[in-house]
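Let me put the model up and then walk you through it.

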Amino acid sequence: MRKTIFAGALSIATIISGFAAKAQELTVYSGRGESFAGPVFRIFEEQTGIKVKARYGSTAELSALLKEEGAKSPADVFLAQDAGALIENRTLFADAPKVLSETALPEFRSNDPKWLATSGRARTLVYSKERVKADQLPKSVFDLTKPEWKGKVGYSPKNASFQAFLTALRVQEGEEKAKAFVKGLVDNGAKTYANNVAIVQAVADGEIDAGLVNSYYLTRFVARDAKVPVAQTFFDKGDIGNLLFVSGAGIVETSKNKENAAKLLEFFLSPAVQQHFASAVGEYPVIKGVIPNPTLTGSLASPKDYAPNVPLEKLGDVSATKKLLTELGLL
Amino acid sequence: MMFIPLVYLVVRAGATERTELAAIVLRPFTLEVTLNTLALVGSVLVLATAIALPLALLVTRTDIPAKRAITILATLPLAIPGYVMAYALIGLSGYYGPLNAFFGLRLARPEGLFGAALALSLYTFPYVFLNVREALLGLDPALEETARSLGRSPRAAFLSVTLPHLRPALLSAWLVVALYTLGDYGAIALMRYDVLSSAIFSQYANAFEVNYAAWLALMLLAIAAAFLVLEGALNRQRRLARTGTGTRRNPPVLLLGRWRWLAVGFAGLVHLVSLGVPALVIAFWLSRAPADVDWTKVPATVLGTLSVALPAAALAVAIAVPVALVATRWPSRLTYGIERMTYFGYAVPALPFALATVFFTLAVVPVFYQTLAVLIIALALHTAALAVGPVRVRLLQIGPRVEESARSFGYSAPAAFRHVTLPALSRSVLAGAIFVFIVVAKELPITLLLAPSGFTTMAMNVFSRTHEGMLYEAAPYAALMIAFSAVSVALMLRSERNHP
C-alpha cells in the first residue's frame, strides 16, 4: 500500500516536472530491440523522472536516418547493436563521460572518447547435439570450409555481427585470406540465413549441423526449452572465430539534453542493468562484479581467454567488409 | 508528391562514378536477382489466381454453403504480416513446430522460389479474391443470358462473356499483387531467396552503398513501371457499364450437386493453409508464451495502430476516389498519368520511400519532422493505389449514363454525383478503405522510419520481437492483429448484407 502511494506520488511528481521542464525528456535511437532495451528505459524513467522516447529500428537503418538528419536530428542518444555503426558515425557524436569508460573492463574499453561499450558479445559456433560429436568439432573457423562440413554450415552475411567478425578477419589476417574464407564457405555449400535466430532454429530443425552466431541466441532458446538439441562452443583459443566485440552507445552532438543523455549511459553501465544484461539476455557485462549467466559455462564463461586480440576501434571499417560481401554476391 | 522519392533516388544514383557503376550494377548478381524477381512475381500471380478465382466464383455463382464465412476467411490473410506467414510455414515443419511437438513430425522446410511464392501467395490472394468477387457481384447477368440465348453453352458463355468482363478486376488485382511482391522482403529473406527488394534492403540498410541501392531501386521501379504501362494498355478502352434499361437481376445460382463437397474441401484447404497454419503456430507460441508478456502495453499499441491506420485509410480514399473518377470519366493522357502515379507511390520500395520522405520533411518542413501527420500522409500516398483499384472497377461498371440522366432532370453535376454515383460507389470505397487500413496496420519500414519517437503500433511490436527471435512474446500482438482485421472485414461485409 505504502509502495503504491509512493509510486503514485512519484508519478504525479513526474507529471508535474514534465510540465515544468520539457528538457526532462530523452530521445533515444535504439538499434537494440524493444524487448531488450524497453525494460531498461522503463526503470530509468522511474528512477530519474526523465522520460525516454525510444525509436526502435535496425542499427543500420537508424544509422542511415541519423546521417540523413544531420544537424536537425532530434536524437539525444544512439544505441547500436554493434560498435561498427558508432565508429562509422563518430563525427556525429559528442564525447562520452570519460569516467564511465574507465570503469569498463579492459577488453570492452573503447579508446575512442566518442562512444562507450554497453555490453559484450562473443561470436560462437552453435551445433547440433544430435549430429555433431565432441571430437568432430572444428578447431578453427577456417575448418568450416573443409569438405567434412560441406552443405552443413549456416551463416548470415547480412547480419551486423557476422560483418564485425569478417571485419576483424580482414584487419587481422588480410583481405585475401578474408575473401578466400568467405568464398570457401560459398563453395562449400554453406547456407545463408536472414538472421541469427533463423540459424539456431535451422540447427534445431536439422537443416544444418552448425552455424556462426553470437553467444546469447542459444541462451534465449534454452530459456524457453532446456531440452533444445543445440549446443555452442568457441573454437581454439585465440581463433578469429571467437571474436569478442560490443554493443555500445554514443551521445549525439546536436543533442540539447547532453546531461540527461550522460545519465542514461551511466545507468546502462550500472551494476543492476549490467546484471540484467547478463542474466536475462545472456550477454557479457562490461563491468566487474556481475554474476555470469548460468548457460554460459566452460570456455564460454571466460570469453576473454579465447578471444583473438583485435582492438575494438579496428572494427569500424565495415564498408570495405560490405564491399567484399557485395562482390561475392552475398549482399 | 509522388515524385519526391523518384527525385531522391535519381540524385542518389547520380552520385555514382561511372567506373564504379559498371562494377556494381552490371554484375552477374544483379542479373540473377532481377531474373529471380520476375520469376517470383510470375509464380505468385499464378498461384494467387489459382486460389482466388475459383473461390470468388464459388461464393458468387454457386450454392456452396457458408458463403459469408468463406468470404471473411478468404479476406483475413491480408492481415498476416509477411514475416509471420513465413515464420509460420517454416516453424510448422521445424523442431519447434507444433507438428513436431504433437506428432514428432518434421517436414522439409519450404524455401527458395517455391517457399517465397507460397508465402506471398497465401497472403496476397485476398486482393485477387476481393477484386474478382466485387466484379462478379457488379456484373449484369443479362450479358451472359444473352450469350446463352444466342446458343452458347454455359461454359462458352462464361469464357467468352464473363471472363473478359473480369479482366479489369483481374488486371488491377494482379497489378497490386505484382507491386506488393516487388516490394516485400521480410518473408522472402526468411525463405532464403534473393530478389531485387532484398538486395535493396541489404544495401540500403548498410547505408554505405546507398548509391548502389538507389540504382537497384530504380531498376525495380523500371520493372514496376513496365507492369503499370502493361496493365494500363490491356485495361484501356473497355466499356463495362450496362446499357440496358430496368433493374438488373441477380445472377443465376449454379447448383453444385455432388461437386458441392469438393468445392467445400477446396475452400477448406485454402483456409487451413492460409489461416490455419499461422493461427496454429501463433496459438502454439501463445500457449508457450511466458507469463510476463506485458499486457498493460497492449491497449496503447492498439490505440497507436488505430491512430495511424484510420486517418491513413480515410486520406487514401480521399485521394483515390477523385483519381479514379477523373481517370474513368475523362480518359486522357493526363488523367491516365495521374492514376498511374498513385500506383507509382505503391511501387517505390518502402525503405527509399521512407528515407525520401525524411529527406523532404527535413529540408522543406522541418517542423513536421517525426510527427504523426507526416507518417499518415506518407502511408496514404503509399497505399492510395489499393483503394483506386476497387473504385475504378465499380465506376467502369456504373458508367456515366445514370449520372447523365440525373443531370437531365436538373441536378447539378456535383449533386448528381453525390446522389447517384456516390451511393453506388460506397461499397467499393469502403472496400478500398479497409484494404488500406489492414495494409497500413501491418506496414513496417515506413512506420519505423517516420513514426514519432516513442510511438508504437502492433506491427512494430510483432516485428521487434520476431526479429529478435522472441517468437513467443510476439504471439499476442500477432494474434491481436489478426483479430483486429477480422473485425474490420466483418464490418465491411456487414455493410453489404444483401449480397452473398
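So, how much area do chain A and chain B bury between them? About 4,500 Å², with 51% of it on carbon and sulfur atoms; buried area here is the accessible area (1.4 Å probe) that two parts lose on being put together, summed over both. Quick housekeeping: this is a predicted model, where local features need pLDDT of at least 70, side-chain atom pairs count only at pLDDT 80 or more, and totals for chains, interfaces and linings use all residues. Residues are numbered from 1 along each chain as its sequence is written, chains are lettered from A and ligands numbered from 1 in the order in which they are written, and side-chain values use heavy atoms, with hydrogens and water left out.

Back to the interface. Chain A puts 50 residues into the contact and chain B puts in 51, contact being heavy atoms within 4.5 Å. There are two salt bridges between the chains, meaning a side-chain nitrogen of Lys or Arg within 4 Å of a carboxyl oxygen of Asp or Glu. One of the two joins A:Lys158 to B:Asp194, at 3.7 Å, N to O.

Which elements of chain A supply at least two residues each to the side touching chain B? Among them are strand 1 (25-30), helix 2 (34-48) and helix 3 (59-69), helices and strands being DSSP runs numbered from the N terminus (helices H or I, at least four residues; strands E, at least two). Helix 3 of chain A gives the most, seven residues.
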